[in-house]
Amino acid sequence: MSSSDIASILENSRELDRLRKEQEEVLVEINKLHKKLQTTPEVVEKPGDSSLSRLKTLYIQAKDLSEKEVTISSSLLSQLDTFLPSGPHGQQRRKMDGNDQKRKRMKSDSDISRLSPSMRSQIEACVSLKDEQVAARVTSDAEKDEWFVVKVLNFDEKTKEFEVLDEEPGDDEEGGGQKKYKLPVSCIIPFPKRNDPPSTQEFPAGRHVLAVYPGTTALYKATVISTPRKVFT
C-alpha cells in the first residue's frame with residue numbers, strides 16, 4: 001500500500017467524520033423547528049413566516065448528507081477491500097463470505113435503525129401512509145403538472161418510492177381501468193388528518209393550495225380567498 005493510498009483513505013475518513021458532524025447540526029435545527037411547530041402551530045399562518053420552508057430545506061439537506069455518507073462509506077469499503085491480503089487471511093475471508101446472505105438480511109433489517117432520527121421519522125411517516133388517500137403528481141412533464149387523489153398501496157424503503165393506485169382514472173385514460181404508479185416522495189402530499197392540530201387544517205387568505213374538482217379525483221391549483229369564520233358558542 002503506497003503513501004498516496006493511505007492518504008486517500010485518511011482523507012475519506014476525515015470527510016466521513018465531517019459529514020456526520022454536519023448531520024448532527026442539521027438534526028439539532030430540525031428538532032428545534034419541530035418543537036416550535038408543536039408548541040405554537042399557529043405560527044405558520046402568520047404572514048412572512050418561513051418555518052415550513054425552512055423545515056423542508058433542512059430535510060433536503062439531511063437527505064443529501066445521508067446520501068453523501070453512503071457514497072463515502074462505500075468508497076472506503078472498496079479501498080480497504082483492495083488492500084486486504086491474500087493467502088491464509090484471504091482464505092478466512094472467503095470462508096466468511098459464505099455468510100453473505102445472512103449479513104444482507106441483517107443489513108436490510110437494520111438499515112432504518114442506522115439512519116439519523118429525522119430521516120428515520122420521515123421514512124416511518126411514509127410507511128404509515130399505506131391505504132391512505134394522498135395527493136399525487138402523476139406526470140413527469142413539468143408543463144403538464146397533473147395532480148390526483150390516489151390510494152397508497154406501498155412504500156419501498158430502499159428505493160424511497162410510493163406505489164399508488166388511481167382508483168377513478170378519467171375517461172381518456174387508456175384502458176379506462178384503475179392505474180398504478182410508482183412515484184418519489186417529492187410527488188406525494190399527505191392530506192391533513194382529523195386528529196391533527198386545528199390550525200394545520202386551515203389556510204390563510206393568499207395561500208396557494210390544491211383543490212378537488214367536484215365529483216372527481218382530479219386536483220387543480222387554487223388560491224385561498226377567505227377562510228371560514230369561527231363560530232363561538
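I began with the order of elements: from the N terminus, the protein chain runs α-α-α-α-α-β-β-β-β-β-β-β, that is, 5 helices and 7 strands. I took helices (H or I, at least four residues) and strands (E, at least two) as DSSP runs, numbered from the N terminus.

I noted that this is a predicted model, in which local features need pLDDT of at least 70 and side-chain atom pairs count only at pLDDT 80 or more, while totals for chains, interfaces and linings use all residues. Residues are numbered from 1 along each chain as its sequence is written, and side-chain values use heavy atoms, with hydrogens and water left out.

I then looked up burial (under 20% relative accessible area, 1.4 Å probe, protein chains only). Of the 233 residues in the protein chain, 24% are buried.

Next I turned to Q23, which lies in helix α1 (residues 3–39). Q23 is buried, with a relative accessible area of 15%. Leaving aside residues up to four places away in sequence, I found Q23 in contact (heavy atoms within 4.5 Å) with A62, L65, S66 and E69.

Finally I followed the pairing of β6 (at least two DSSP bridges between two strands). Strand β7 (residues 218–223) runs antiparallel to β6 and is joined to β6 by 5 bridges; V212 has L219 as its bridge partner. The two strands form a hairpin with 5 residues between them, and G215 in the turn has a positive phi of about 75°.

Technical notes
Buried < 20%, exposed > 50% of the residue type's maximum accessible area, 1.4 Å probe, protein only.
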